[in-house]
Amino acid sequence: MRTGQIIKKDFRKNWFAYVLAVPVIVWFVVFCYGPMWGLLIAFKDFKPLLGFANSDWVGLKHFVDFFQGPYFWRVVKNTLLLNVWGLAFGFTAPIILALMLNEIRDGKFKKVVQTVTYMPHFISLVVVCGMIHIFTADEGVITQLVQLITGKEYTSLLGYSSFFRPIYTFSDIWQTIGWSSIIYLAAMSSIDSTLYEAADIDGIGRLKKMWHITLPQISPVIIILFIFAVGGIMASSYEKIILLYNPLTYDRADVIASYVYRRGLREASLSYSTAVGLVSSLVNFALLWVTNRIASRKSDVSLW
Amino acid sequence: MGTTTKRLLNLLLVSVVAGSTLAACSNNNNEPKESADPAATTESSDAPAETAAFSDISTTIRGNKAPTQEQMDEVNNTLNDTYLGDLYDEKIPSHYDAYPYKKDTTLDIWLPADSQIPEMNNQVVQKQVEKLTGIKVNFITPPVGQEADAFTLMMSSGELPDIVIEPERYPGGLEAGVKDGAYLDLTDYMDKYAPNYSEWRNSDETRRKTTVTDSGKLLGFYGIAPYSEWMWFGMLIKKEALEKTGLEVPNTIDEWHTFLTKAKEVGYSEPLNYGSTYGQIFTGIINGAYGVWDWTFMDADGKVQWGPAQPKAKDYLATMQQWNKEGLLNKDWATADFNQRMASAISDKTAVMMDSPDTMWSYWKQQNNIDFVGALNPVLNAGDKSATTYKNFKRTGRSAAITTQADDVEAAMRWLDFAYSKKGWEILNYGEYGKVHLVDETGKPYFQPDSYIYKDPDGQPVATTLVKYRMHSWPDIRDEHNSNPLIVAEGSYSGDIRKTWTENMDTSVAMPPITFTTEEASREAELGNQLSTLRNEYFAKIVKGQLPVDAYDKFLSEAKKMGLDEFLSIHQAALDRYNAR
C-alpha cells in the first residue's frame with residue numbers, strides 16, 4: 001500500500017514528466033519489444049504468403065542445420081578473427097590519431113589533417129570497394145608496393161586469401177579513422193587544463209603527459225567503446241565482404257553474415273536467417289555482459 | 001455489466017456493421033467479379049472463323065518496300081494478320097476474339113529490367129501490345145543488379161503484383177510457389193483463357209513435355225521457340241591471331257596449347273581469356289574435353305552424374321594449372337567482371353574469348369572492327385567429336401506466372417496469351433511495322449536496312465536497339481534465328497558460328513529441363529549451394545596454383561561427405577519423372 005501511495009503522490013506532483021515519457025515507452029514497445037515475437041519464426045518453416053499461423057513448426061531444425069553445416073566452423077572462425085583484427089588495429093588506430101592530433105599546436109595544420117581523415121567516411125561503400133579493386137589489381141598501386149616490399153610477384157591481391165584480412169581491416173581504418181577519432185578528441189578537450197599546468201611545473205615531458213594524464217583521463221570513454229565493440233564481435237556487415245570476396249578467398253572471407261546472406265536473402269529461408277541471427281545475438285550479449293563485468297571489477301567504468 | 005460498457009460495445013458493433021456494409025457497397029460498384037471456378041462461368045463464344053472478319057491484305061503488304069501511312073496503321077493498329085506467312089513446321093495460332101478486352105483493367109507486372117531499358121513503361125513494343133489487347137499494364141522493375149533481393153523482399157512483404165516475370169526465382173521453383181500460395185495453378189484456366197498458348201504448346205511433343213510439371217499441371221507461361229535454338233557460347237578466336245601465328249583453328253587440347261603458346265610469342269600477352277561471368281572458370285568448354293562438365297550431365301546409360309567428380313578431373317586441373325603458370329590465361333580471371341573482360345577482349349592482350357558470338361560480334365566486329373572465327377569445343381584426342389551440355393529444348397526466353405493476388409485472372413491470361421498469337425509473334429519479335437520491320441514476298445517479317453534497329457534516331461547501337469524496339473527475352477514465341485538483329489544484320493556471321501556449333505557437337509550429355517518437388521527443391525538448393533561453393537573454391541585455387549593438384553582428392557571426399565550421392569539421387573528421381581511425362 002505504501003509504495004502505491006508514493007507512486008500516486010509522485011504522479012500527482014510530476015504528471016507532466018510521466019506524459020513526456022509516454023512516447024519513448026511506446027516507441028520501445030512498438031519497435032523493440034513488439035518485433036521480438038518475430039523471433040518465433042526461427043522455430044518455424046516460415047512462408048510469408050502462408051502467414052505465421054499456417055507455417056509449420058519445425059523446432060530446432062534450423063539451429064541444428066546451422067551448427068552441423070559443413071561451413072559452420074569456418075564462418076564462425078572467420079567472423080571472430082576478422083573482428084579481432086578490427087579490435088587490434090581498427091579500434092586502436094583512432095585513439096592514436098586523436099593523441100597525435102591533440103599534441104599539434106598549429107591550428108591550421110590540425111584542421112587540414114582532421115578534414116582529410118574525415119573525408120573517406122562520406123564515400124559510399126560501393127565506391128570504396130571499387131577503389132580497393134583498382135588499387136589491388138594486377139598493376140595497382142598497392143600490388144606494386146607489396147611486390148616492392150616482399151620482392152615477390154603477385155597478381156590481383158584480392159585473389160590471395162592471406163591478403164584478405166589486411167585489405168579488409170586497413171581499408172576500414174582508412175575509411176573510419178578520422179570519424180572515430182572525433183569522440184576521443186571531444187573527451188580530451190574536456191580534460192582539466194590545471195592537470196597539464198601542474199605537470200608543466202613539475203617539468204614532465206610531453207610523452208609522459210600523454211601517458212599519465214591524457215590517456216587515463218579519456219580511459220572511461222575508451223572502455224565504454226571497447227565494451228560496445230566486443231558486443232558486436234559476432235556481427236559483421238556482409239556488404240563489404242560480398243563486394244570483395246571471390247572463390248579464391250572464401251576460406252578467410254566468408255563470415256556468418258555473408259553466409260546467411262547467401263542462404264537467407266538469396267534463397268529466402270527467412271527462418272534459417274532468423275535462427276542464425278538469434279544465435280549471434282545471444283553470443284554477443286554474453287560477450288557484452290562478460291566484458292562489462294570485467295571492466296566494472298577492474299576499473300569502476302561500466303555500462304550498468 | 002455497466003451501462004457505459006454496454007454503450008461502448010454497442011457503438012463498436014454498430015461501427016463494425018457499418019464498415020462492412022460500406023465495403024460491400026464499394027464491391028458492388030465494381031463490375032461483377034469473374035467467378036474463380038472456370039466451369040461456373042459461361043464460355044464467351046469462340047468464333048470458329050475469327051480471321052474471316054479481316055480482309056486479306058497480303059497483296060498490298062507482302063513485298064511492299066515503302067508502305068503508306070494508311071497501310072502502316074492497318075498493320076500496327078488492327079489485329080489483321082492475313083499478310084503473315086506460315087514459316088515453321090507448326091502453324092502459329094491466331095485467336096483474337098478476346099481483344100480488345102471486355103473491361104478496363106490495369107495489370108501490375110513485376111520483372112527484372114534490361115539495364116539498357118531502365119523504364120519499361122515507355123517501351124514502344126509494350127505500348128503497342130497495350131493498344132491491341134486493350135489491357136493496360138504497369139511494369140514494376142527493381143534496380144538493375146538487385147533483382148534477387150528485391151524479389152525476396154516482395155515475396156516477404158506479402159504484397160504481390162498480378163503477373164511475375166521470371167517466377168522460377170521463387171525458392172524451390174514454380175511448384176513451391178503454388179504450394180506456398182504465391183502463384184496460381186493455371187491448369188484449369190488454360191484452355192479457356194489462353195487458347196493461343198495452349199494450341200502452341202500442344203503443337204509438338206517437346207514443347208508439351210517441357211511446359212508441364214511431373215504431375216501434369218500447368219503453372220506458368222513459358223517462352224517457347226519454333227525450333228531448337230542454336231547454342232550460343234563457345235571458343236572465339238581473333239582472325240588476326242590465326243594469321244599472325246600461321247596456325248589452323250585448333251581442335252585437340254594439344255593443338256590449343258601449341259596455338260596459345262605461339263599466340264603469346266607473337267605478342268598476345270594473355271592469349272586466352274579464361275574467366276566468365278557465366279560461372280567463373282566452369283564454362284564447360286575446355287573441361288568438357290575431359291568429361292569434367294560444370295555441373296550435372298547425363299552419362300551414356302542415361303544416369304545423372306556430377307561433372308567435377310569425374311575420373312579425368314585431375315588431368316584437367318593439372319593442364320589448367322600448367323597453362324596458368326605459363327601465362328596463357330588472363331591474370332585476373334578469378335576476379336574480373338563483365339566490363340573488365342570486355343576491356344581486355346578488345347585490347348592486344350587477348351587472342352581468344354570464351355563467350356557468345358552475338359556479344360562478341362557487337363564488341364569486336366561492330367564497335368572495334370575485329371574479325372573472328374568460332375572453334376568447336378576442344379577434344380582430347382584427334383578424331384573425337386566435340387560435345388556440350390547445352391541443348392535447347394525449344395524452351396527459351398523467359399517465363400511468367402500469375403499470382404494469387406491477381407484481381408482479374410482472365411485479363412492477366414489474355415494479356416500473356418497474346419504473345420503466342422501470330423500478331424503477337426510479329427510485334428514482339430520484329431517490332432512496329434514500317435519503322436522497324438517490313439514483310440517480304442513470302443510473308444516473313446525482316447528488318448530493312450534503314451530500320452530503327454540499325455539506324456536508331458537516337459543513335460544507339462544494335463546491342464541496345466535489339467531490346468528497345470522489340471522484345472528480346474520474353475514469354476512469347478521467340479524467333480531468335482530470324483529476328484535477333486545481331487544474327488541477321490548484314491555481314492554478321494555470329495549466326496553461322498552458332499549454327500556450325502549446334503550441327504557439329506554431340507549433345508547426348510545434356511540434361512532436359514527437369515523439375516523438383518517442393519521437398520526435393522529445398523534440399524537440392526542447399527546441397528547445390530554447398531557443392532558449388534566447394535567446387536569454385538578448390539578448382540580456382542588449384543588452377544591458380546595456390547593448391548597442388550592432389551588437393552582434388554580432399555575435394556572429392558569433402559563433396560561426398562556433404563551429400564553428393566543424395567544430391568545425385570534427387571536429380572535422378574527428377575529425371576526419371578521427366579522421362580515419364
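**Labels and their cut-offs**

Tutor: Start with one pair: B:Gly234 stands opposite B:Asp355 in strand 9 of chain B. This is a predicted model, where local features need pLDDT of at least 70, side-chain atom pairs count only at pLDDT 80 or more, and totals for chains, interfaces and linings use all residues. Residues are numbered from 1 along each chain as its sequence is written, while chains are lettered from A and ligands numbered from 1 in the order in which they are written.

Student: What makes strand 5 and strand 9 of chain B a pair?

Tutor: Count the bridges. Two strands pair if DSSP finds at least two bridges between them. Strand 5 (residues 234–238) and strand 9 (residues 352–355) of chain B are joined by 4 bridges, so they meet the rule. They run antiparallel. A strand is a DSSP run of E with at least two residues, a helix is a run of H or I with at least four, and both are numbered from the N terminus.

Student: Why are strand 6 and strand 10 of chain B called edge strands?

Tutor: Look at the sheet order first. This open sheet of 4 strands in chain B reads 6-9-5-10, with mixed pairing. Strand 6 (272–273) and strand 10 (372–375) each pair on one side only.

Student: What covers strand 4 of chain B: one face buried, or both?

Tutor: Both. B:Phe221 and B:Gly223 lie on one side, B:Tyr222 and B:Ile224 on the other, and all are buried. Buried means 20 or more other C-beta atoms within 10 Å of a residue's own; exposed means 12 or fewer; partly exposed is in between, with C-beta atoms placed from the backbone. Why two sides? In a regular strand the side chains alternate between the two faces of the sheet. Strand 4 also has a partner: 3 bridges join it to strand 11 (residues 395–402) of chain B, antiparallel. There, B:Ile224 has B:Arg395 as its bridge partner.

Student: B:Lys394 is found in the loop between strand 10 and strand 11 of chain B. Buried or exposed?

Tutor: Buried, because 21 other C-beta atoms lie within 10 Å. Its phi is near 65°, a positive value in a residue other than glycine.

Student: B:Asn369 also has a positive phi, about 50°, and is not a glycine. Why does B:Asn369 count as exposed?

Tutor: It has 7 C-beta neighbours inside 10 Å, so the rule of 12 or fewer applies. B:Asn369 sits in the loop between helix 15 (357–368) and strand 10 of chain B.

Student: And why is B:Gly291 called partly exposed?

Tutor: Its count is 19 C-beta neighbours inside 10 Å. B:Gly291 is in the loop between helix 12 (286–289) and strand 7 (296–298) of chain B. Leaving aside neighbours within four places in sequence, B:Gly291 is in contact with B:Gln310 and B:Lys312. Contact means C-beta atoms, placed from the backbone, that lie within 7 Å.

Student: Now chain A. How does the length of helix 8 agree with its residue count, and why?

Tutor: The expected span is 1.5 Å times one less than the number of residues. Helix 8 (residues 164–189) of chain A has 26 residues, so it should span 38 Å; its end C-alpha atoms are 37 Å apart, which agrees.

Student: Where is helix 8 of chain A kinked?

Tutor: The kink is centred on A:Thr176 and is about 55°. The bend at a residue is the angle between axes fitted to the seven residues ending there and the seven starting there. Buried residues of helix 8 include A:Phe164, A:Tyr168 and A:Tyr184. Their cover includes helix 4 (72–103) and helix 10 (206–231) of chain A.

Student: What makes up the side of chain B that touches chain A?

Tutor: The contact takes 25 residues from chain B and 22 residues from chain A. Helix 22 of chain B gives the largest share of its side, 9 residues. The chain B side divides into 8 nonpolar, 10 polar and 7 charged. Nonpolar means Ala, Val, Leu, Ile, Met, Phe, Trp, Tyr, Cys and Pro; charged means Asp, Glu, Lys and Arg; the others, Gly among them, are polar.

Student: Last one: which peptide bond is cis, from which residue to B:Pro100?

Tutor: The bond from B:Tyr99, with omega near -10°. B:Pro100 is in the loop between helix 3 (69–77) and strand 1 (106–110) of chain B.

Note on methods: Two residues are in contact if their C-beta atoms, placed from the backbone, lie within 7 Å.
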